[in-house]
Amino acid sequence: QQRQQDQQDAAAAEADEAAVAAAADAEAMEGVEEAGDAADGDAVAAGDAADGAAGAAAAAAEEDGEKDDAAAEEDGEKDDAAADGAAADGKVAWTPSWVRGGGGRGRSNSGRFKGIDPIIPVEDPAIVQMLVDFYGVEPSFPLATHLITRSLEAAFPKRLLYVSDALLSVLLADERESLKITATGLKLFERHELRGKEVGKCQYRIAQEGLP
């Protein structure tokens, strides 16, 4: 009977040890799971931080791009204004009696004439009279009616082209603008910058193409 009691006590002790070991294993497993959850949380947080940083970088790049675009547009407008010959005294472009074609700078809606500069008669009395007075143009020469330019919004267009009677008749007769004209006329005058003692004189020089 004593031996039986000893065996039972030994079995109970083994059971207790097994229970303690199982509890220890369960606690260790719980610790591993918690560590895994913490690692997953750290990974998610790191991913969110990376996404936030990438988003901030993209937003900064977009903002810089918008600033660059705005600066480029402003520079382009300044260049166009300078190229179109806006006078320092505030002289504005005249209003022509007719305009043919389109596609010039500053015209966003140019349709089939996209990329083709318009044709405009040079009818500004100030420009015509300046040329007549400075170069002594004979009254019989049709300068006031046969000069054209390809710059739509210029106070002083860069180039003044001369067209003959026949060509002018074609331009005016083609009311539906069936002809798509990319180049026409003879370059007679070209604007140049006045400096020093030249200020106040004629703003146009005779182009070599216009010489006899």
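A salt bridge here is a side-chain nitrogen of Lys or Arg within 4 Å of a carboxyl oxygen of Asp or Glu. By that rule, the side chains of glutamate 190 and lysine 187 meet in a salt bridge, at 3.5 Å from N to O. The model is predicted, so local features need pLDDT of at least 70 and side-chain atom pairs count only at pLDDT 80 or more, while totals for chains, interfaces and linings use all residues. Residues are numbered from 1 along each chain as its sequence is written, and side-chain values use heavy atoms, leaving out hydrogens and water.

**Overall make-up**

- The protein chain holds four helices and five strands; helices (H or I, at least four residues) and strands (E, at least two) are DSSP runs numbered from the N terminus.
- Read from the N terminus, the order of elements is α-β-α-α-β-β-α-β-β.
- Of the 212 residues in the protein chain, 25% are buried, where buried means under 20% relative accessible area, exposed over 50%, and partly exposed in between (1.4 Å probe, protein chains only).
- Among contacts (heavy atoms within 4.5 Å) with a separation of 6 or more, 61% are between residues 24 or more positions apart.

- Five strands form an open sheet in the order 1-2-3-4-5, with antiparallel pairing; two strands pair if DSSP finds at least two bridges between them.
- At the edges lie strand 1 (120-121) and strand 5 (204-206), each of which pairs on one side only.
- Strand 1 and strand 2 (residues 147-149) run antiparallel and are joined by two bridges.
- Proline 121 has isoleucine 148 in strand 2 as its bridge partner.
- Helix 2 packs on the sheet and touches strand 2, strand 3 (159-162), strand 4 and strand 5.
- The direction of helix 2 makes about 50° with that of strand 5; axes are lines fitted to C-alpha atoms, for helices over the stretch in contact, and angles run from 0 to 180 degrees between N-to-C directions.

**Nonpolar cores**

- A nonpolar core is a set of buried Ala, Val, Leu, Ile, Met, Phe, Trp, Tyr and Cys residues joined through side-chain atoms within 4.5 Å.
- The largest such core has 15 residues, and those touching the most other members are Ile127, Leu131, Leu143, Leu147, Leu160, Phe189 and Tyr204.
- Helix 2 (125-135) and strand 4 (186-191) each supply at least two residues of this core, and helix 2 gives the most, with three.
- Leaving aside residues up to four places away in sequence, isoleucine 127 touches Trp94, Val122, Ala155, Phe156, Pro157, Leu160 and Tyr204.
- A second, separate core has seven residues, including Ile148, Leu161, Val163 and Leu168.

**Salt bridges**

- The whole structure contains six salt bridges.
- Lysine 187 also forms a salt bridge with glutamate 209, with the closest N and O atoms 3.4 Å apart.
- This pair links distant parts of the chain, 22 residues apart: lysine 187 is in strand 4 and glutamate 209 in the segment after strand 5.
- Lysine 187 is buried at a relative accessible area of 17%, whereas glutamate 209 is partly exposed at 44%.
- Glutamate 190 forms a salt bridge with arginine 205, with the closest N and O atoms 3.1 Å apart.
- Here glutamate 190 in strand 4 is linked to arginine 205 in strand 5, 15 residues apart.
- Glutamate 190 counts as buried because its relative accessibility is 10%; arginine 205, at 38%, counts as partly exposed.
- Salt bridges that share partners join Lys158, Arg159, Lys187, Glu190, Arg205 and Glu209 into one network.
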